[in-house]
Amino acid sequence: MEAHQSPERTPDGHFVVIKGRKWRATDPSLPEEIAARLRRHLMSARREVRSAMAAGDARAERAARARVNQAKIALGERGTPWWDQSEDERRRRWEQGLARLDAEAQN
């Protein structure tokens, strides 16, 4: 798969297949602007994990991994499967996740 191509999806659309491995797909009901903001938080948190590991800072690593998890949940990639949630539950999931991540980023 090239960088500009979308990954293969399972027939039900619930998972993407990357290098032969299935991963839960991002909730397709997320508005693109919101999904982009959540992905920025995710990538920032992943960089923080890498930096904390390089520095041997276990406390910072735990905090960064918690932010990765928050972003993945808000995207619908972890937690209750988005296809098992109502539209209101899905909206509440990403609104609350984004609000928490934005608040933490300001601190």
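A salt bridge is a side-chain nitrogen of Lys or Arg within 4 Å of a carboxyl oxygen of Asp or Glu. The exercises below concern a predicted model.

**Exercise 1.** Determine whether the side chains of Arg93 and Asp27 meet in a salt bridge, and state which parts of the chain the pair ties together.

*Solution.* Step 1: the N to O distance for Arg93 and Asp27 is 2.7 Å. Step 2: the cut-off is 4 Å, and the two side chains do meet in a salt bridge. Step 3: Arg93 belongs to helix H3 and Asp27 to the loop between S3 and H1, so the pair links parts 66 residues apart in sequence. Step 4: a search of the whole structure finds nine salt bridges.

**Exercise 2.** Describe how helix H1 (residues 32–55) and helix H3 (residues 87–106) cross.

*Solution.* Step 1: the axes of H1 and H3 come within 11 Å and cross at roughly 45°. Step 2: angles from 65 to 115 degrees count as roughly perpendicular and those under 35 as roughly parallel; H1 and H3 are therefore oblique to each other. Step 3: the crossing of H1 past H3 is left-handed. Step 4: H1 contributes Ile34, Arg37, Leu38 and His41 to the contact, while H3 contributes Trp94, Leu98, Leu101, Asp102 and Ala105. Step 5: these contact residues comprise six nonpolar, one polar and two charged.

Conventions: Residues numbered from 1 in each chain as written. Predicted model: local features only at pLDDT ≥ 70, side-chain atom pairs only at ≥ 80, totals over all residues. Heavy atoms only, no water. Axes fitted to C-alpha atoms, helices over the stretch in contact; angles between N-to-C directions. Helix = DSSP H or I, 4+ residues; strand = E, 2+ residues; numbered from the N terminus. Parallel < 35°, antiparallel > 145°, perpendicular 65-115°, else oblique. Left-handed = near helix turned anticlockwise from the far one by under 90°. Contact = heavy atoms within 4.5 Å. Nonpolar A, V, L, I, M, F, W, Y, C, P; charged D, E, K, R; others polar.
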